[in-house]
Every structure is written in structure tokens, then in C-alpha cells.
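I opened this entry to look up the core, the backbone angles and one hairpin. The notes follow below.

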Amino acid sequence: MTRHVKSEVGWVLVGFQDDDLVVARRVMQASGAATSVRLDSARILSREEKQGDVVGFWHTHPAGLIRESGQDRETLGAFCRSFGKSLVSIVETDGSASGWVHLPGGSRRPVLRVVRSGSLVLVRLAPER
Ligand SMILES: [Zn+2]
């Protein structure tokens with residue numbers, strides 16, 4: 001039996017956060033192997049240094065994997081520490097999207113809602129406790 005595995009696709013989310021809402025566009029599309037996306041770290045760092053508008057990442061997973069992998073959490077944690085701010089991580093699979101917000105201190109929590117229309121993305125965060 002053959003199984004068709006599509007490559008993962010990822011984007012950088014650029015935009016802004018206002019209270020518990022993140023408004024972003026998906027840019028810098030990158031594709032990768034079946035279970036990973038190759039991000040251009042140098043380009044992302046440069047974007048953040050110049051514009052300061054990187055708010056997170058969006059990437060697809062194979063069917064059924066609606067959670068972040070260990071590698072995903074590691075990568076997000078590294079960007080958070082490097083930027084000194086929180087970032088959202090959206091994982092899309094089977095036509096739906098789930099998200100987490102990673103904090104510079106190393107913790108993360110799920111977001112309440114993710115909505116996408118074309119390249120525009122809205123993420124509703126849980127209120128700060
Ligand atoms: Zn992943």
C-alpha cells in the first residue's frame with residue numbers, strides 16, 4: 001500500500017499584537033520535507049531587526065498531527081529568546097488550525113481561536129492571568 005505524503009509548508013507571520021488579538025499576514029513561504037519546514041533564520045532575524053513585526057509562524061503538518069512537535073517547540077523557544085517577545089505558533093492539518101503562544105520565559109499556552117482569510121490571519125489569545 002502506498003501512502004502519499006505531502007511536504008510541509010510554512011510561513012512567517014508579520015503584523016502586530018493588540019491586547020489579546022494578533023493581526024498578521026503570512027509571508028516568506030517555505031516548504032520542506034514531509035515532517036519539517038526549512039526556515040530562513042537569517043532572513044527572519046533581519047526582518048525582525050528592521051521592521052520589528054515578526055509575530056509568529058504558521059506551518060502545516062501531515063494529517064492527524066494537530067500539535068507542535070518537540071522540534072517546533074525548540075525552534076519557537078529559540079526565536080522567542082532571541083527576539084525577547086512572545087510569538088504565536090500555528091499548526092494546520094486536515095483543514096483546521098490550532099495555535100499556541102510561546103513566551104520568552106520558555107512557557108507556552110494554547111490560543112483561543114485562529115481565523116485565516118487568504119494571507120490574512122487573526123489569532124485570539126487567552127487573556128493574561
Ligand atoms: Zn511542526
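For the element names I took helices (H or I, at least four residues) and strands (E, at least two) as DSSP runs, numbered from the N terminus. The model is a predicted one.

Entry, positive phi. I looked up D19 and found the residue in the loop between β1 and β2. Phi of D19 is near 50°, a positive value, and D19 is not a glycine. Most residues other than glycine have a negative phi.

M28 is not a glycine either, yet its phi is positive, about 55°. M28 counts as partly exposed because 16 other C-beta atoms lie within 10 Å.

Entry, core. I looked up the largest nonpolar core, and it has 23 residues. L13, V55 and V88 have the most contacts inside this core. Elements that each supply at least two of its residues include β1 (9-18), β3 (54-60) and α2 (70-83). For L13 I set aside neighbours within four places in sequence; its contacts then include A24, V55, W58, V88 and V121.

Entry, hairpin. I followed strand β7 (residues 113-117) and found that β7 pairs with β8 in the antiparallel sense, over five bridges. R113 has R124 in β8 as its bridge partner. Two residues lie between β7 and β8 in this hairpin, and G118 in the turn has a positive phi of about 60°.

Conventions
Residues are numbered from 1 along each chain as its sequence is written. This is a predicted model: local features need pLDDT of at least 70, side-chain atom pairs count only at pLDDT 80 or more; totals for chains, interfaces and linings use all residues. A nonpolar core is a set of buried Ala, Val, Leu, Ile, Met, Phe, Trp, Tyr and Cys residues joined through C-beta atoms within 7 Å. A residue is buried if 20 or more other C-beta atoms lie within 10 Å of its own, exposed if 12 or fewer, and partly exposed in between; C-beta atoms are placed from the backbone. Two residues are in contact if their C-beta atoms, placed from the backbone, lie within 7 Å. Two strands pair if DSSP finds at least two bridges between them.
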